Amino acid sequence: MLLDVQNLTTRFHTHDGEVCAVNDVSFSVQAGECLGIVGESGSGKTQVFMSLMGLLAKNGTTEGKVYFEGEQILGLSPKDLNRLRGVEFSMIFQDPMTSLNPYLRISKQMTEVLVEHRGMSEEKAAVTSIEMLDLVGIPESKKRFRMYPHEFSGGMRQRVMIAMALLCQPKLLIADEPTTALDVTVQAQILELLARLGRELNMATVMITHDLGVIAGLSDRVVVMYGGRIVEQATVSEVFHDPQHPYTKGLLSSMPRLDEEREGTLYTIPGQPPDLQDLPDGCSYAPRCTYAMDKCNLERPPLEDIEGDRKKACFLEKMV
């Protein structure tokens, strides 16, 4: 087991009260596997990984256990986490323009990673960095190595971020909405790049996204989150061909598909996501669910095994 997350809970203390961003989340990632984390904005998917990487805001607190290769990493000091971050596991953030320092050349931002974590000389770090830019498909890498972030297109900046994340050859890469604000062609290139690098480097990948279509051809398993909780876990094939939670079915129904004819307007899930500061006693999805029963408003459905390695948190016995 590469990554094992057990009963992770993350809360933020604000002037208006406590916000429960992540609620009792458990999952695992195997070496070389690609896991998709899917959910609407505000579902808690990003905060799960900000928690385990020790990157929460000052008003955030976490509980639970997170094991990386058997080592408990939740709550480690910044010094101990720096020994792992960027080396054993790395994260690609949503917006490369705000993640890259606009005042420093790409060369400086890349080489300092290798100098700090690998103890390389500046010369050796520069050679390795240029090789990594080549690997992620940056043309004229030697020339572009000396450029500033604003001199790159959005797709090229995202490739630079991927190169930086891979410099120390991590065992786990966490990609948070890596194709946000990119055009469709560039999105496909980035996803193909991540898939290829995962195979070539035997690297585990976590793909965080609100779009099930993004992970269709990339992930092995999917974790669907809603209201800070996991509502379904299954393989990609199971999720796409036989969703067992109403929310998962709603997400799929709201996607345009090329393999089926559709008449009329595209389906949209009614209502709004729950207020994480005031979660209901029952199922958080019940107010939006067409299958909701009286029980759903009174009790919170536990995440339980349903068949094989599948899990769902729903009182509905079988989705039809």
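## Ground rules

For sorting linings by class, Ala, Val, Leu, Ile, Met, Phe, Trp, Tyr, Cys and Pro count as nonpolar, Asp, Glu, Lys and Arg as charged, and the others, Gly among them, as polar. This is a predicted model, where local features need pLDDT of at least 70, side-chain atom pairs count only at pLDDT 80 or more, and totals for chains, interfaces and linings use all residues. Residues are numbered from 1 along each chain as its sequence is written, and side-chain values use heavy atoms, with hydrogens and water left out.

## Confidence

The protein chain has a mean pLDDT (the predictor's confidence in each residue, from 0 to 100) of 90, and 97% of its residues reach 70 or more. Among helices and strands (DSSP runs numbered from the N terminus: H or I of at least four residues, E of at least two), helix H3, residues 96-99, is where confidence is lowest, at a mean of 72. Strand S10, residues 229-235, has the highest, at 97.

## The sheet

Now the strands. The open sheet has 8 of them, in the order S6-S7-S8-S3-S9-S10-S12-S11, with mixed pairing (two strands pair if DSSP finds at least two bridges between them). S6 and strand S11 (304-305) are the edge strands, each pairing on one side only.

Strand S7 (residues 172-176) runs parallel to strand S6 (residues 89-92), with 4 bridges joining them; here Ser90 has Leu173 of S7 as its bridge partner. S7 is also parallel to strand S8 (residues 204-209), this time over 5 bridges, and Asp176 is partnered by Ile208 in S8. Further along the sheet order, S10 and strand S12 (residues 311-312) pair in the antiparallel sense over 2 bridges, with Gln233 opposite Lys311 in S12.

## The pockets

A pocket here is an open set of points on a 1 Å grid over the protein atoms alone, with protein on both sides within 12 Å along at least five of seven lines; lining residues have an atom within 4 Å of a point. Points are joined across faces, edges and corners, and a volume is the space filled by probe spheres set on them.

The largest pocket comes out at about 570 Å³. It has 21 lining residues, of which Gly86, Met91, Phe93, Val113 and Met164 are closest to the centre. S6, helix H4 (106-118) and helix H7 (154-166) each give two or more residues to this lining, and H4 has the largest share, 5 residues.

Strand S2 (17-29) and S10 are the elements giving two or more residues, with S2 giving the most, 4. By class, that lining splits into 10 nonpolar, 5 polar and 3 charged residues.

## The cavity

A cavity is a set of grid points where a 1.4 Å probe fits but cannot get out. Searching the whole structure turns up 1 cavity of 30 Å³ or more, and the largest cavity has a volume of about 90 Å³. Of its 15 lining residues, Pro246, Cys283, Cys289, Cys296 and Cys314 are closest to the centre. The lining has 14 nonpolar residues, 1 polar and no charged ones.
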